[in-house]
Amino acid sequence: MLQKLFCSFLLLGILNSTLSYSQDKGQARIDSLIQVINNHKTTDTTRALLLSKLADYFLKPNPDTALLLIKESKKISDELHFIRGQIEYYVHIGSSRAKNITTNDKFNADSIALTLVNQSKCFNYLPTIYNNLGNYFGALEKHDSAIKYLLLAINSEDPANEKKLVSMFINLCREYLVIKDFNKALSYGEQAIATCKKYELNGKIVTALGNTANVYLQIREYDKAAALYKEQILMADKNKDPYSQIASRSNYSILLSRQHNYVAMLTIMKEAYQLAKEFKNPEAYSHALIGMADALFYNKKYQEAKSFANEAIIFSKENNTPQNLADLYKTLSNISFAEGQFNDGIDFSQKADSLQNETTNNTLISFTKELETKYETEKKETQLKLQQSTIKQKSTLNILFGSIAAAILALSLFGFKNYKHKQTLQQQKISELETQQQLTATEAVLKGEEQERTRLAKDLHDGLGGMLSGIKYSFNTMKGNMVMTPDNAQAFERSMDMLDSSIKEMRRVAHNMMPEALVKFGLDTALKDFCNEIQQSGALQISYQSIGLENAVIDQTVGITIYRIVQELINNTMKHAMAKTAIVQVTKSNGQLSVTVEDDGKGFDTAIINNPIGMGWSNITNRVEFLKGKLDVNSQSGKGTSVLIEINM
């Protein structure tokens, strides 16, 4: 017991010596916790939790001190078999920034924590564990996995506990920024800022402001980025957190360099450099030196820039930070080129590339070693389990072989199905091509037919019609100059009547081939004239109705085709239907043209439309297909026929 008390007093002495690293706002809480722990000298579960709580306060400002505290808590928890205290330890290791804690240590700690949580049902630790795993995979640049675990952290947290969600929002903003999903990065960044302001989380708002500002920097919204960087600097100064004060100014200097405001960049970096000298944190001081070198370079103060770069190189070598060395050699290379010292510039550039490659290789080697160690451990455990469960192994193998066979069968079926699907698609394409070819051929035939009709109509009307009219005029002239017997005069008049009939018939044929009204006045007038002629002939009582065609503009090819369809339908009615009355109705509305032809005839079997004997229905269906329209025919014996055609204009 005396030995344990001595260790506790020694630990508290270390704490008192490191309090200067904590934030002033948390000072009272830390003092209070130390006092409680000092008075609570028994090694029970309460003491373990108090030590864990105190470790949380030192997690960021002094991770090494936090590690000492949590190890003491773990020792007590192990002695008492206190699972909650053990979970606290492993969760803390997963979040630790201590130098001797590797990324593999963090992953193992989080894995153990998950196992303990499942055993103890202490699910309130899940959000923190998932958040740690998100940070772990983020550090390994496995950003998809990082985002997956961070989203799990949010989903497993109580939505009402908004304060806990802030860390996850901040981390998701960072991860989405890395993968350049700027919309989601901004969404989580703004949520983090709003929540921090709502609950006055001044410590976390500095990071939230910085991350969100970095997103605006990337998408070149510099005014918004500048506003957030300035707010970040104010909050860091308010918190009196030296690390955040330096980092926020360094971030803002990058924006100023993008805006080519190099004078302001140098001013802000001088502030960061002065803070770093007072803070005496190696990492912060190194970044401040690099920032000063860059700012002086942009301001063309090459000698001063070179001085800071050289100092930073010495400092980086002493503190073993090769990545910083690579950045510094790049800066020295830029300075040398600016001064016209091209050989030195090339030399420094090669050194920077060499160090960058070395750093990358070392990272890969380190990560590979961690994986190998983990693999060897798992391999040994697997061998022991296999030796103890031979029967289970055989069963597993049988299941495995069965699964493989099932998988092969499934893949085969999938492959066959995929092949059939491709074959079906190919056949569909062939059918579409054939249909297109048929439509093209139909279009060519219909256009050729109309052209020939137009030519013949013109030849009949202008050629033959003119000749017959000339003959009639000549006969009338001869009649005035000739003396004929009564019989000859009667024969002459009959011939003149026959000539008149021939001229009328010729004009009727020419008109049917290409109605003059259709060309000059459009579809509505042509159909109206056609129906009137049928009505006047007495062959059929027919009425014509049109809706929406008064001012409609219809393409001539479409108009001619519709006219031929109506003409063919009415001809069929007169030849075959034995109808007394018929109705033709044409309607244009909402970009659609509808044509309805109805009669009260004897009707017919609509099956002949698919297998027509004559040319009538073939002509109708071909013309409807040419217009890409729909044809609907209803007919019953003794109840007449109704034909509806719909065409999209």
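Author: Phe 107, Tyr 130, Tyr 136, Phe 137 and Tyr 149 form one aromatic cluster, in which rings of Phe, Tyr and Trp (its six-membered ring) pair if their centres lie within 6.5 Å. This is a predicted model, in which local features need pLDDT of at least 70 and side-chain atom pairs count only at pLDDT 80 or more, whereas totals for chains, interfaces and linings use all residues. Residues are numbered from 1 along each chain as its sequence is written, and side-chain values use heavy atoms, with hydrogens and water left out.

Reader: How many helices and strands does the secondary structure of the chain come to?

Author: Helices (H or I, at least four residues) and strands (E, at least two) are DSSP runs, numbered from the N terminus. On that basis, the secondary structure of the chain comes to 24 helices and 5 strands.

Reader: What percentage of the 649 residues in the chain do buried residues make up?

Author: A residue is called buried under 20% relative accessible area, exposed over 50% and partly exposed in between, with a 1.4 Å probe and protein chains only. Of the 649 residues in the chain, the buried share is 38%.

Reader: Which residues make the contact between α5 and α7, and at what angle do the two helices pack?

Author: Helix α5 covers residues 83-95 and helix α7 covers residues 126-139, and their axes, which are 9 Å apart, are lines fitted to C-alpha atoms over the stretch in contact, with angles running from 0 to 180 degrees between N-to-C directions. The two helices are therefore roughly parallel to each other, where angles under 35 degrees count as roughly parallel, over 145 as roughly antiparallel, 65 to 115 as roughly perpendicular and the rest as oblique. With contact meaning heavy atoms within 4.5 Å, Val 91, Gly 94 and Ser 95 of α5 meet Thr 128, Ile 129 and Asn 132 of α7. The packing angle is about 30 degrees.

Reader: Which residues does Asn 251 touch, not counting residues up to four places away in sequence?

Author: Asn 251 lies in helix α13, and although Asn 251 and Tyr 229 are 22 residues apart in sequence, they are 7.3 Å apart in space, C-alpha to C-alpha. With those sequence neighbours left out, Asn 251 touches Asn 214, Tyr 229 and Gln 232.

Reader: Is the pair of Phe 530 and Tyr 563 stacked or edge-to-face?

Author: The structure holds 18 aromatic pairs; planes under 30 degrees apart count as stacked, over 60 as edge-to-face and the rest as tilted. In one of them, the rings of Tyr 229 and Tyr 252 have their centres 6.2 Å apart and their planes at 40 degrees, so that pair is tilted. Phe 530 lies in helix α22 (residues 523-537) and Tyr 563 in helix α23 (residues 556-577), so their pair ties together parts that are 33 residues apart in sequence. At 5.8 Å centre to centre and 65 degrees between the planes, the pair of Phe 530 and Tyr 563 is edge-to-face.

Reader: Is Thr 596 buried or exposed?

Author: Thr 596 is found in strand β3 (residues 592-599). Leaving aside its neighbours within four places in sequence, Thr 596 is in contact with Ile 583, Val 584, Gln 585, Val 643 and Leu 644. With a relative accessible area of 17%, Thr 596 is buried.

Reader: What is the relative accessible area of Asn 590?

Author: Asn 590 is placed in the loop between β2 (581-589) and β3, and it has a positive phi of about 50 degrees although it is not a glycine. Asn 590 is exposed, and its relative accessible area is 79%.
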